[in-house]
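Here is a short report on side-chain pairs, helix packing and backbone details. Keep the structure open while you read.

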Amino acid sequence: MHQDRELVEERIARELHERVLALVELDRRPLVVTAGPTPDEQAPFEVGTRWGPPWATTWFTFRGELPAEWTGRRVEALLDLGFHPDAAGFQCEGLIVDDEGRPVQGIHPRRMHHRVDSVPGPVTIRLEAASNPSFPQFRPSPLGSPATAGNEPLYRLRRAELLLVDGEAESLAHDLDVLDGLMRTFADDDPRRARFRHVLATALDRLPDLDAMNAILRPLLERGAADGTHRIVATGHAHIDTAWLWPTSEAARKCTRTFASAVRLMGEHTDYRFACSQAQQYAWIEERHPDLFSRISEAVAGGQWEPVGGMWVEADMNLPSGESLARQIVYGQRYFESRFGRRCTEVWIPDVFGYPASMPQLYAAGGMHRFVTQKLSWNTTNRLPHHTFWWEGLDGTRVLTHFPPVDTYNAEITPAEVVRSARRFLDAAWSDWSLMPFGHGDGGGGPTREMLERARRLADVDGSPQVELGTPSRFFEHVEREADAGAPVPVWRGELYFETHRGTLTSQFRTKAGNRRCERLLREVELWSATLGRPADLDRLWQAVLTQQFHDIIPGSSIAWVHDDAERVHADVAAELERLLADLFAEVVPAGPHIVNAAGVDRDEIVEVDGAASRVRVAANGIAAFTPLPIDDPVSVGDGWLENGALRVRWDESGALTSILDRPIDRELLPTGTRGAVLELAPDHPVRYDAWDVESWTPDLGEPLLRPESIEVVDAGPASGAVRVVHRFGGSTAVVTCSLRAGSARLDIDVELDWQHAEHLLSMRFPLDVRADTAACDIQFGHVRRPTHPSNSWDAAKFEVCAHRYVDLSEPSFGVAVLNDGRYGHGLLDGGVRVSLARAARYPDPDADRGTHTARLALFPHGPGLDGVIDEAQRFTTPLRVVRGTVPETAPAPVVTVTGAGVELDAVKLADDGSGDLVVRLHEALGDRTGIAVEAHRPITGAARCDLLEDPVADVGVSDGSCRLTVRPFELVTLRLTLGIARGG
C-alpha cells in the first residue's frame, strides 16, 4: 500500500517524543523546597520563583515523601533549576551532596535526574546551585566580572519532583531512538531506510503494548554489522576549561560536579570508561573533596577511569616557552605517577589553537608517544589529509597522532555521529579504527546514561559502525597493532598550523607579558640557586604560572574576571621570585656593584650604573665585577639621524624611519621609498570569534600613523642615542623610542602605549629589502621556516603566525631579524615583517586590553646564518642586572658552560630528587649537527642523558671533568651531571 515517506518519518519522530517518552514517567510527586545562601540559612521557596544573581551560590533543600506503593521500584528526583534547552552547559549547575556535605552527583541541563532509594518514607536532597551567567555570544556583556554583573536573579526554578520510572518503557524509547536515528542516516533510495521505516511504524501501531513493540523491533537490533565495518572506540570525557567564561575558582566546582557524576555512573554501568586530563583539576578535587578523590583513585585502579594528557593543564602550545611546556609535562606526569602509580602515554589537548613543529620531541621526552586533538577540524581554508598518522617533528621524532573524525570532543554517540565518523574517516585504506570522545563538557556534566544506552545498542547493528566503550589507550593499541603488521601509516612533517584563532597571539597582552616575565624569573631563580648549590622550592610558583597557561587564559579569550586573576597571579609570583632573587644575590654576589647575566651567552654591552652609561663584559650565566670598559664605537646624533660604527638611522617629519644603513657593508635595510617602524591602525571586526580571530583582510585595512605630536632626541650619545616620537590618535597614545647603543648593530624600538581603542588592531610594520621565500620564526626548541608569499592556499592561510623572540629574513650572505620581547603575532606575506602590538576585542571581555602597556622590538642586521640572531635574541630578552652584593669572596664561576655553535640553554637547575646533581636542558637551534662540550664550576664525575622527568636514559662519557657529546639537528637534550669536589678544594 502506498505510504507518504516523509509523513511516516515525521510521525515516528513525533510519537517517539510525545507518546513513547510519556510512558516512562508512571507517576510523580512534588517536592517541598527551601533555599538560602547556606545549608543552614534557608526559607520556604516556591517552584517558579526566580533565584541566583550572577556568580552567586544558592543552597536548596528538597523534601518529599516516597509512597509505600513505590517500594522496590525505580524512583528518581527531577530537578530543573531553570536550564535553557539550547546548551548542555554554559549556564547554572547544581551539586547534590550527602548529609556530611560530600559530593554525590551533578545536576545539569541534560542530567536533571537523580536516582533515590525506593524505601517508603521521607526523602531529603541537598543541592548547592551555582548561578553562573550564560553569555550572549559575540555581544559585549557586563556579566564577565562581579564588579559589573549586577544582582538581578538569572534563573527560575522550574521543576522539583519525585518520579516513578518505567524502566521497560525507557529501554523501548532508547531502542526507538537508535533505530530512528540510524534510519535517517540511510540515503532515500537505500532499501534499509524503507525497511527501518516500516518496522518502526509497525511498532508504533502497537502502542502502548510494550512487549509487542519489543518483539517487532528486536530483529532489527539483533542484525549485526556487516563484515569489515568501521570500528569506533567511544571514550567518556568531559572537556572542562580550567577558565574561560568562568574563573578558575568556578572551574574547580565544575570539576567536582562532573567528576562526581562520572564516578556515580560507573557504578551503574561497569563497561563505562572515562578519560580525564589536567593534573591541576585532580589536585583541586584532592584538596577539596578527599572522599571523591578516593573514589576516583579506585576507579583508576579498576580500569574504568583513565588519566590522560600528562600535563598540569591543557596548555596553549604556541605561547608558553619551551621550558614551560616541559614543566607542564613534568608536573603533570609526576602528579599522575604519585597519585595513581602510572604516567600517561598520550598527549590529550583536543581544544588547543595549533601545535608547533617541536612538540613531538617534547611529548616523547615526557614519555608520551601518542597524541590526540580535533581542533584542526575547525580550519577555515585547508583540511589535513589524514585522521591517523605519524606526526614528525623538527628533529625527526614521531608520535602516533589521531584526529577523531567525529570532529568534536563532546559527542553524544548518536547514530548520525557514528555513521558520519565512518564516512569522514580519511585513513580507511589502512585502518579500521577511530576514537570518539563523548560527553557534555564545560558544566554539562560529562557522559550521560542515554549516551551509554545508545553505545550498547550500536555495538553491533546493521547500518552502523561497531561501537565499543573503551579508553584512549585501547584505541591506540588497536592502531599500533595495525602499524606493527605493516600498515602504511602516513607521515605529516612540520607544524600543525591552526587556520583560525590567530588573534589569540595578541589578545590580552598584559596576561602574555606577565607570563613571559614569570618564565624569565623562574629560570633566573633556578640558575642562581644551582650556582649556590641550594635547592629552590618553586613547585607552588611553577604550578601557579602553568595554570595560567591554560588554552583560554594565556591566549586572551576569557572573561575579564579570568584575566584580572591572571594578572594578579603573575604579579604575586613575580614579586615573590624577585624576593627570592634578592636573597640569592645576597649570598652569591660580592660586595660592590656587579653585573649579573642570566643569559646563556656572553655579553659586551652598555648598561647604566649610578646614572651613567658604561660598557661592561660578563660571561654566560656569570657574575662580573663592574669594570667600565672604553666605549670604542660611540653613538653620534644629528638632525634627523643617529649612528654608530654598525648602523646609520634616519627619520623624517612623520617620525618613521626612512633609512637604516648597515655601515660595514654599505647596505640599506629598507626598500627605496618606504618607511620603517611605522605604526598602523586597522579596524578589527572578526566574522565569528572576537577575541580569537584576526581576518586576512584586517592588516590590509591599516592606516599608517604619520602625523606625530612631537619628535625629540632624548639621548645624544656617546654611549647611546635615542629619538622619541609621540603619536596621539583617537583616545590612544603611542610613544615610540628608537635607540642605538655604542658597539651594537641592534636598533631597539620601544613602544609605550596608552591603548583606549575598541575593536582595532595596532601593528608596527618593517618593510625589508631582503629577498627570501621563507622567514625563520623562533619557536620553542628551534625555529620553523614559513612562507613570505601566498602562492598556494596553505601559504596564504599563514597570514598571521606565531614567533617568540625573532623573525628573520635572510639571503645567503645577509639577513635582518626583527626581535621582540613579549609579542607573538607576526605577518610575513607583504614584503617584510609586521608585528601585532595590540587588539581590543569586546567579546568575551568588553574592555579587553585597555590601559598602558609597553612593547619592546628591535632590528638586527647580520651576516650568514642564524647563530648570531639566536645569541642576540637571548641578550635582548634577558636584561643584565646591576646588583650590589655583600659577600666578601670574589664572584663565583658560571655554574655551567656549554661550548658549541647554535646550542641554546633552556634551564640550569638542581635535580628535583634532592641528590645535588645538576640538570642542564639545552637544544640545538640552527638545524645542524654539532659537537658540544659541557663544563661546570666543579668537575663533572658522571653524566647521563635524561628524559624530562630527569630519569637517566643513556650515559655520557666524562673526561677531565667535562663531557662531550654530539647533538642532532634541533635535538632537545636533558643532561644530568654529578659533580665532584671543587677544583682546588
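Glu872 and Arg875 share helix α17 (residues 867-877) and sit three residues apart, about one turn of the helix. An α-helix has 3.6 residues a turn, so residues three or four places apart point the same way. Glu872 and Arg875 form a salt bridge, with their closest N and O atoms 3.1 Å apart. Glu872 is buried, at a relative accessible area of 9%. The model is a predicted one.

**Salt bridges**

The count of salt bridges comes to 95. One of them joins Arg257 and Glu93, whose closest N and O atoms are 3.0 Å apart. This pair links distant parts of the chain: Arg257 belongs to helix α5 (residues 248-268), Glu93 to strand β7 (residues 93-97), and 164 residues separate them. Is Arg257 buried or exposed? Arg257 counts as buried because its relative accessibility is 0%. Glu93 is buried too, with a relative accessible area of 0%.

Glu392 and Arg398 make another salt bridge. Here Glu392 is buried at 7% relative accessibility, while Arg398 is partly exposed at 37%.

| Glu93 | Arg257 | 3.0 Å |

**Aromatic rings**

Searching the whole structure gives 34 aromatic pairs. Among them is the edge-to-face pair of Tyr355 and Phe371, with 5.2 Å between centres and 70° between planes. Tyr355 is in the loop between β16 (346-348) and α9 (359-365), and Phe371 is in strand β17 (residues 370-372), so the pair ties together parts 16 residues apart in sequence. Both Tyr355 and Phe371 are buried.

Phe371 also pairs with Tyr363. How are these two rings arranged? Their centres are 5.5 Å apart and their planes stand at 45°, so the pair is tilted. Tyr363 is buried, as is Phe371.

A cluster of ring pairs connects Phe259, Tyr272, Phe274, Tyr282, Phe293, Trp305, Trp312, Tyr335, Phe336 and Phe340.

The charged end of Lys254 is over the ring of Trp246, 4.0 Å from the ring centre. Arg856 lies over the face of Phe876, 4.1 Å from the centre of that ring.

**Helices**

Helix α2 (residues 167-183) packs against helix α4 (residues 210-222) at an angle of about 35°. Their axes are 11 Å apart. The crossing is left-handed. On the α2 side, the residues that meet α4 include Leu172, Leu176 and Leu179. On the α4 side, those that meet α2 include Met213, Leu217 and Leu221.

Asn515 lies in helix α13 (residues 509-532). Asn515 is buried, with 0% relative accessible area. Beyond neighbours within four places in sequence, Asn515 is in contact with Pro320, Val545, Gln549, Ile554 and His570. The C-alpha atom of Asn515 is 63 Å from that of Asp4, which is 511 residues away along the chain.

**Backbone details**

Gln508 has a positive phi of about 50° although it is not a glycine. Gln508 is in the loop between β22 (491-493) and α13, and is buried at 3% relative accessible area.

Asp407 is another non-glycine residue with a positive phi, near 60°. Asp407 is in the loop between β19 (398-402) and α10 (415-424). Does Asp407 count as buried or exposed? Asp407 is buried, because its relative accessible area is 19% and the cut-off for buried is under 20%.

Two cis peptide bonds complete the list. The bond from Leu207 to Pro208 is cis, with omega near 5°. Pro208 is in the loop between α3 (191-205) and α4. The bond from Tyr843 to Pro844 is cis, with omega near 5°. Pro844 is in the loop between β45 (832-838) and β46 (851-862).

Note on methods
Residues numbered from 1 in each chain as written. Predicted model: local features only at pLDDT ≥ 70, side-chain atom pairs only at ≥ 80, totals over all residues. Heavy atoms only, no water. Phe/Tyr/Trp six-rings, centres within 6.5 Å; stacked < 30°, edge-to-face > 60°. Helix = DSSP H or I, 4+ residues; strand = E, 2+ residues; numbered from the N terminus. Buried < 20%, exposed > 50% of the residue type's maximum accessible area, 1.4 Å probe, protein only. Lys NZ or Arg CZ within 6 Å of the ring centre and 35° of its normal. Contact = heavy atoms within 4.5 Å. Salt bridge = Lys/Arg side-chain N within 4 Å of Asp/Glu carboxyl O. Axes fitted to C-alpha atoms, helices over the stretch in contact; angles between N-to-C directions. Left-handed = near helix turned anticlockwise from the far one by under 90°.
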